[in-house]
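Reader: I would like to learn to read a sheet and its core. Where do we begin?

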Amino acid sequence: MNSYLFSPISLSDVSIPNRIVVAPMCQYSANEGNATDWHLMHLGQFAVSGVGLIFTEAVGVEMSGRISPGCLALCTDEHEQNLKRVVDFCHDFGNAKMGIQIAHAGRKGSTELPWLGGKPIPSKDLEAGKPMDHLQRLMQQQVGRHLRLLMRMAFLELKPPSWMQQSVQIG
Ligand SMILES: Cc1cc2nc3c(=O)[nH]c(=O)nc-3n(C[C@H](O)[C@H](O)[C@H](O)COP(=O)(O)O)c2cc1C
């Protein structure tokens, strides 16, 4: 019997073995932004079950841009190594393509864990009454951060999102 669900599909130049996709799901189980055994198990179980495309949970481009202190980040070498361990497992033991949800939670970022009430974590800069200084510094950091993120994604063999391909053009 023909089945769309179990037939391959191509998105741009990425070929996906079937149309079962795991949506990004926050796990609140990261350690200082690092993927843990929980992520290995959570994403790994989908990879070995034959899913076609697996997205990570929202991964913060900076620590204060995470939704909660339990969320993943990708802004240090340690973050990269720990996420690579999970991605490598999924590639080695499954056929799924791996996707990443690059995220910054904006002004709603860095809130407390949901089961602790989800209230905002106090920010030193904002408490000092200098929100514009804080914003300006964030803007200045953007270019460098994008470049570093692209290098980390290349290392993990993940494709940069199209908005980033357009926004980071050198020469
Ligand atoms: C536990 C949990 C965590 C989620 N975390 C994220 C997330 O990190 N990023 C996101 O965009 N959506 C997140 N979502 C939303 C899901 O990705 C998805 O969009 C939602 O469950 C609706 O999917 P459906 O239309 O297939 O039912 C989360 C959902 C759940 C249940």
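Author: Begin with pairing. Two strands pair if DSSP finds at least two bridges between them. This is a predicted model. Here β4 and strand β5 (residues 72-73) are paired in the parallel sense, over two bridges.

Reader: Which residue of β5 stands opposite Val59?

Author: Leu72 in β5 does.

Reader: How many bridges join β4 and strand β6, and in which sense do the two pair?

Author: Six bridges join β4 to β6 (residues 97-103), and the sense is parallel. Within this pairing, Gly60 is opposite Ala103 of β6.

Reader: What about β3 and β4?

Author: Strand β3 (residues 21-22) pairs with β4 over two bridges, in the parallel sense. Val22 has Ile54 of β4 as its bridge partner.

Reader: Is β4 mostly covered or mostly open?

Author: Count neighbours. A residue is buried if 20 or more other C-beta atoms lie within 10 Å of its own. Strand β4 (residues 53-60) is mostly covered, with seven of its eight residues buried.

Reader: Now the core. Which residues have the most contacts inside the largest one?

Author: In soluble globular proteins, nonpolar side chains tend to be buried together. The largest nonpolar core here has 23 residues, and Ile54, Val59, Leu72, Cys90 and Ala96 have the most contacts inside it. At least two residues of this core come from each of α1, β4, β5, α2 (77-93) and β6.

Reader: What does Leu72 contact beyond its sequence neighbours?

Author: Leave aside residues within four places in sequence. The contacts of Leu72 then include Ala30, Ala35, Thr56, Val59 and Leu83.

Reader: Where is Ala35, and why does Ala35 count as buried?

Author: Ala35 is in the loop between β3 and α1. Ala35 counts as buried because it has 28 C-beta neighbours inside 10 Å. Beyond four places in sequence, Ala35 touches Ala30, Leu72, Asn82, Leu83, Arg85 and Val86. Ala35 and Glu80 are 45 residues apart in sequence, yet 9.0 Å apart in space, C-alpha to C-alpha.

Reader: Last, which residues are around the ligand?

Author: They are Ala23, Pro24, Met25, Cys26, Glu57, Ala58 and Gln101. This shell divides into five nonpolar residues, one polar and one charged.

Methods. Residues numbered from 1 in each chain as written. Predicted model: local features only at pLDDT ≥ 70, side-chain atom pairs only at ≥ 80, totals over all residues. Buried ≥ 20, exposed ≤ 12 C-beta atoms within 10 Å, placed from the backbone. Helix = DSSP H or I, 4+ residues; strand = E, 2+ residues; numbered from the N terminus. Core = buried A, V, L, I, M, F, W, Y, C linked by C-beta atoms within 7 Å. Contact = placed C-beta atoms within 7 Å. Near = placed C-beta within 6 Å. Nonpolar A, V, L, I, M, F, W, Y, C, P; charged D, E, K, R; others polar.
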